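This report describes strand pairing, helix packing and the surroundings of the ligand. The model is a predicted one.

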Amino acid sequence: MTARPELLSVEAAKALPVDEVRKLFERHLNPGQLHFLKLLGFDQVLVRRAEGMYYTDQNERQILDFFGGFGSVACGHNHPRILAARKRFQDEQRHEICIAFMSQYATALAHNLAAIAPGELETVFLTNCGSVANEAALKLAERCAGPKRSTVAYATNSFHGKTRAALSVTDSEFYQSGFTLLPNRRRVRFGDLDSLEEAFKSDPSIGTFIVETVQGGAGIVLAPESYWQGVRALCDKHGVIWLADEVQCGVGRTGRFFAFEHYGVVPDIVTLAKSLGGGKTAIGAYIARRDIHMKAYGPHKTALIHGPATFSGMGEGCITAIETLNVLYDEGLIDNSAAMGARLLAGLQRLQQQHPRLIKEVRGLGLMVGIEFHDLSETLPFGMKQMVSLLDDKLKGSLCGFVGTLLLRDYDTLVAFTEYNRNVIRLEPPLVAKAEHVDAFLAVFGELLELGVTKIVSRYARGAIAA
Ligand SMILES: Cc1ncc(COP(=O)(O)O)c(C=O)c1O
């Protein structure tokens with residue numbers, strides 16, 4: 001009999017102590033990432049349970065989740081209806097893999113997405129993440145546009161994922177470093193119609209324009225409202241396919257199901273992921289105009305060029321997404337996102353007025369909010385600069401690392417950071433947030449700001465040295 005290697009069981013995994021997880025993470029997952037987790041004190045926490053707005057850690061400490069998996073937990077952690085739907089599905093021994101037959105679950109999910117999507121968006125392709133949804137959508141657009149129009153326009157500070165095509169249109173030297181990218185791409189300034197028009201006019205090989213409706217990775221950046229009508233008009237005029245990446249800003253995050261609905265426009269293809277999985281499953285999708293799909297893959301001779309994929313439309317993933325969409329509407333979570341987002345933004349604006357030397361800008365739409373701090377590299381007092389220079393490069397000019405670390409350590413509150421702009425904290429809590437959660441966040445954040453820069457930095461440094 002084949003010898004059994006030293007395997008951990010599920011129960012053993014659940015029981016691993018934090019030191020052991022740290023060791024295994026370092027050995028088998030990502031040693032470099034551990035450096036950042038340590039820097040922020042995140043290596044001290046193991047989540048044992050999660051419910052609604054809260055994580056509970058190994059010490060039974062409740063942590064208020066304003067990070068929300070970068071907008072992946074619209075319905076809150078472990079929503080009871082989503083859990084129940086999954087449990088029923090398992091108890092009934094429903095199937096997962098369905099390549100040979102039609103899946104009633106994938107079909108119903110596609111129907112639901114088409115019912116939600118406006119205009120002619122009605123043909124769906126299912127994936128397991130946002131990058132692959134974009135990958136698939138870029139291929140769809142390319143086949144539709146044809147070989148003479150294979151160039152993809154993309155925006156400054158974009159993030160579309162880390163697979164090859166998505167990475168090629170992700171505006172980050174850091175993420176792109178050292179990789180061979182797709183040759184046909186053209187960068188335009190985000191939110192700038194002149195830049196887009198100039199690109200379309202000067203380069204007729206542009207057939208696709210991919211753009212996030214609200215830029216997430218850039219630090220929650222919105223284009224001027226008038227931009228989107230202009231994008232629609234320019235794409236129509238030049239016959240360019242507009243691919244809206246709503247992986248982060250979709251599924252109700254901004255107070256509309258799709259962020260583009262704020263602007264009275266409809267793109268040609270839209271991608272979703274993150275919250276589509278209800279925080280319980282990995283699922284992504286594109287929804288395209290039917291004529292685009294038909295042109296690219298319509299006839300039976302070409303129908304199998306891109307799909308199906310092995311894990312596209314797994315049973316439990318699909319029913320999880322179906323239940324998620326139903327919960328979103330039944331519980332009014334999209335409207336709640338608009339209302340709670342407005343409350344959060346107004347509270348943050350008040351704090352900005354009280355602390356203008358700390359906070360440069362607050363911005364957002366619904367529960368997708370960014371807080372930009374002033375860069376401290378210029379303004380820190382001399383002694384502080386020296387202390388901070390002993391810390392990590394990533395933390396030097398930025399209050400975010402210190403504030404985020406202290407929020408977790410001392411105030412049991414989790415926020416997200418921004419790779420492209422280290423001065424921005426991102427808030428993307430579950431859309432089940434109530435006024436009491438928003439007010440609790442504002443209270444602890446306000447209390448921390450009251451300390452002022454010197455105390456914030458020295459409190460962080462003391463903790464870092466002690467650890
Ligand atoms: C706008 C956007 N597009 C694409 C992606 C990639 O999604 P995934 O990490 O699921 O591959 C992300 C992830 O953060 C995103 O924010």
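## Helices α14 and α17

Helix α14 passes helix α17 in a right-handed crossing. Helix α14 covers residues 333-354 and helix α17 covers residues 435-450; their axes come within 10 Å and cross at roughly 15 degrees. Angles under 35 degrees count as roughly parallel, and α14 and α17 are therefore roughly parallel to each other.

On the α14 side, the contact involves M340, R343, L344, G347 and L351. These residues meet A435, V438, L442, F445, G446 and L449 in α17. By class, the residues of the contact of α14 with α17 are eight nonpolar, two polar and one charged.

## Helices α5 and α13

The crossing of α5 and α13 is right-handed.

From α5, the contact is made by R81, I82, A85, R86 and F89. From α13, the residues are G315, E316, I319, T320, E323, T324 and V327. The contact of α5 with α13 divides into five nonpolar, three polar and four charged residues.

## The seven-stranded sheet

Seven strands make an open sheet in the order β4-β12-β11-β10-β7-β5-β6, and the pairing is mixed. Strands β4 (121-127) and β6 (185-188) are the edge strands, each pairing on one side only. From one strand to the next, the twist averages 20 degrees.

Strand β2 (residues 54-57) pairs with strand β3 (residues 62-65) in the antiparallel sense over three bridges. Y55 stands opposite I63 in β3. The two strands, β2 and β3, form a hairpin with four residues between them. In the turn, E60 has a positive phi of about 65 degrees.

Strand β3 also pairs with strand β15 (residues 413-414), in the parallel sense and over two bridges. Here the bridge partner of L64 is T413 in β15.

## Surroundings of the ligand

There are 15 residues around the ligand, of which C129, G130, S131, V247 and Q248 come nearest. Helix α7 (residues 130-145) gives the most to the shell around the ligand, with three residues.

How many residues of the shell around the ligand are nonpolar, polar and charged? The shell has five nonpolar, eight polar and two charged residues.

Key
Residues numbered from 1 in each chain as written. Predicted model: local features only at pLDDT ≥ 70, side-chain atom pairs only at ≥ 80, totals over all residues. Near = placed C-beta within 6 Å. Nonpolar A, V, L, I, M, F, W, Y, C, P; charged D, E, K, R; others polar. Pairing = 2+ DSSP bridges. Axes fitted to C-alpha atoms, helices over the stretch in contact; angles between N-to-C directions. Parallel < 35°, antiparallel > 145°, perpendicular 65-115°, else oblique. Left-handed = near helix turned anticlockwise from the far one by under 90°. Contact = placed C-beta atoms within 7 Å.
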